[in-house]
Amino acid sequence: MRLLTHNMLSSNIKGVSNGFPLRIEVEKVIEKEVDCNPDFLINMFAKIEWKALVDAARTMGYAELPEEAESSMLDSDEFLRKFHHALLELHLEEGALVCPETGRKFPVNKGIPNMLLHEDEV
Amino acid sequence: MSSRPELLAPPEIFYDDVEARKYTSSSRIIEIQSKLSERAVELLALPDDGVPRLLLDIGCGSGLSGETLTENGHQWIGLDISLSMLNIASEREVEGDILLGDMGQGLALRPGVIDGAISISAVQWLCNADKSSHEPKLRLKAFFGSLYRCLARGARAVFQVYPENLAQRELILRSAMHAGFAGGVVVDYPHSAKSRKEYLVLTCGPPSLTTATPKAKGEDGESCSEDEVSEDEENQTVRFSDRQRPRKKQKVNKKGKGREWVLRKKEQMRNKGINVPPNTKYTARKRKARF
Ligand SMILES: C[S@@+](CC[C@H](N)C(=O)[O-])C[C@H]1O[C@@H](n2cnc3c(N)ncnc32)[C@H](O)[C@@H]1O
């Protein structure tokens, strides 16, 4: 799972009012290089919760993202490169996602988060 | 689909390791699923600007449908309830992220962030109650409600479905409309038992210019009669809205909304550019409860 997906996920356990962002527990991170598409990044930027991305990237061992970001920064190749790397090249391979309100853990195995809810959580 | 796997066992049981591998190594299935996915992407009618979008693949399975999204240049997140299917997807190194989840429990996604969704041959599974706690209506409601919330305004969701019968199609469509979606069903090759394919095409919120309903394949815009047998089966598409429901079902509903309400709703639909039948003396006659 990449941080792109992490940035979109929000715990939907019954009764939880703010399930975002899921805290990341890291056991294993892998990096996979992919082509950078600036159009996609520019389009996505408005939808990204920046602080959550910065924190998630740091948890995954990447601390190069600026604390704050605004759309004018999208003109900078260096910024785009870092944004791209954090969003699309870091994969949480083993670990867990943790609901910020309840502390419930969603395990991540072989890169696949298990988001299945128990019956009493629906 | 000659047999109906959803009647045999719950999806996470039916699609076990053996079935998942069998499914994904059949060249016939690969071809069918990628054709269906290709058509679904076409019906998504994303802006033709070359910008990759963030899409969902619901019931993504082993990634056959997601691969079509990748080939079209998009990023995607896939959801499936069968770990065996997802394991094959990761073995095949699909480019989307995959999640183990049950669409009937609702999607765990932030509001307004997804640019479009496809779902190929999966939603009919929701119509079955596989556990005593399962209530298909509630599961469909949770699913469509959460899908509506996570899509960006004006975004589309296209579902290729194999409803078992009219009642099932109606159930799916009604749940989608209740969640706030506008749209209807597109049927490709309606006269061919073999190639007939149904797509539910839904739009989230008020349609904009870029998201206006695409012209269906081979549709002449005049006749929607299923009885009209055409020579040219390969080029037929019929569109109909949730208005065409089995009559029996329509009578059982008691909460009437009245003719005035129906006419107003129809006018609203027309203003949105959605095809609705002309008003006649039969409009809202006995089926008061729905529009
Ligand atoms: C016929 S396969 C299609 C897979 C893929 N879309 C393709 O085109 O090859 C249907 C898939 O729907 C999944 N499915 C069924 N019910 C589901 C549910 N409630 N939530 C998520 N996935 C489900 C099944 O596990 C299965 O992988």
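Here are legends for a few close-up views of this predicted model.

**View 1. Chain B as a whole.** Chain B has nine helices and eight strands, taken from DSSP runs (H or I, at least four residues, for helices; E, at least two, for strands) and numbered from the N terminus. Of its 291 residues, 56% are buried (under 20% relative accessible area, with a 1.4 Å probe and protein chains only).

**View 2. Helix α5 of chain B and its cover.** Helix α5(B) spans residues 83-91, and its buried residues are B:S84, B:M85, B:L86, B:I88 and B:A89. Just past α5(B), look for B:E93, with a positive phi of about 55°.

**View 3. Polar contacts to the ligand.** These are pairs of N or O atoms within 3.5 Å. The side chain of B:Y23 puts an N or O atom 2.7 Å from a ligand oxygen. On its own the ligand exposes 600 Å², and the protein buries 99% of that (Shrake-Rupley, 1.4 Å probe).

**Notes.** Residues count from 1 along each chain as written, and chains are lettered from A and ligands numbered from 1 in written order. Local features need pLDDT of at least 70 and side-chain atom pairs 80 or more, while totals for chains, interfaces and linings use all residues; side-chain values use heavy atoms, without hydrogens or water.

Terms used
Buried means under 20% relative accessible area, exposed over 50%, partly exposed in between (1.4 Å probe, protein chains only). A polar contact is a pair of N or O atoms within 3.5 Å; within protein, one must be able to donate a hydrogen and the other to accept it, and residues adjacent in sequence count only if both atoms are side-chain atoms.
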